[in-house]
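Q: Could you take a close look at the salt bridges here and walk me through how the charged side chains pair up?

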Amino acid sequence: KDMLGQDASEIQMTWPRTLSIKGDSFLGEVRKRMALLNVISLLIVLLMLDRMITSPLLALRRLISSIATERSWSKRLPAKRTDEIGDVARSTNVMLDVLEKQLDSLEALSNTNELTGLPNRRAFDRRLQTALGLAKRSGRPMALLMLDLDRFKQYNDLLGHVEGDRALQIFADCL
């Protein structure tokens with residue numbers, strides 16, 4: 001175009017038809033290879049995501065489920081990773097520590113007389129079952145001694161329950 005916007009010259013090029021066909025064929029091959037490269041790249045990214053995130057999270061979930069199912073609160077999760085998955089494992093281990101302590105405390109409370117601190121009927125039943133099982137497995141005899149404190153109610157009524165509890169603790173210490 002010239003300064004007035006008129007056509008000043010015109011260039012025309014002609015391509016041989018065979019060159020156009022080869023160019024189109026070449027571009028088609030490039031498109032196919034690019035598509036294949038994109039699919040391969042996507043598969044590599046997905047495999048990396050699976051290896052780095054999905055598989056560790058599933059393993060973590062399986063471990064947590066097994067801890068809950070087996071009620072094995074003393075188990076801990078591997079927490080060597082320094083990423084968010086490691087943070088979750090460490091936090092879960094802290095919660096398991098708290099849970100284990102609370103369960104131990106509840107276990108002690110459920111097997112102990114609150115006033116005397118001595119083992120209660122539940123603890124007696126458990127110990128008896130354990131001893132019977134041991135005697136049965138070993139084939140050895142077992143003895144059970146049951147004692148009764150005569151006139152203990154009168155002692156309790158005369159001196160009070162606090163002194164009665166203290167007397168039971170002293171008696172248990174002697175045994």
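A: Happy to! Let's begin with Arg 121, which is exposed at 61% relative accessibility. In this predicted model, Arg 121 forms a salt bridge with Asp 125, and their closest N and O atoms are 3.0 Å apart. Both residues belong to helix 3 (residues 121-138), where they sit four residues apart, about one turn of the helix.

Arg 76 lies in the loop between helix 1 (17-70) and helix 2 (84-110), while Asp 97 is in helix 2, so the contact ties together parts that are 21 residues apart in sequence. Arg 76 has a relative accessible area of 29%, which makes it partly exposed. Asp 97 is partly exposed as well, at 33% relative accessibility.

Next comes the pair of Arg 81 and Asp 83, whose closest N and O atoms are 2.4 Å apart in a salt bridge. Arg 81 is partly exposed at 31% relative accessibility, and Asp 83 is also partly exposed, with a relative accessible area of 24%.

Salt bridges can also join up into a network, as they do for Glu 29, Lys 32 and Arg 33.

Definitions and conventions: Residues are numbered from 1 along each chain as its sequence is written. This is a predicted model: local features need pLDDT of at least 70, side-chain atom pairs count only at pLDDT 80 or more; totals for chains, interfaces and linings use all residues. Side-chain values use heavy atoms; hydrogens and water are left out. Helices (H or I, at least four residues) and strands (E, at least two) are DSSP runs, numbered from the N terminus. Buried means under 20% relative accessible area, exposed over 50%, partly exposed in between (1.4 Å probe, protein chains only). A salt bridge is a side-chain nitrogen of Lys or Arg within 4 Å of a carboxyl oxygen of Asp or Glu.
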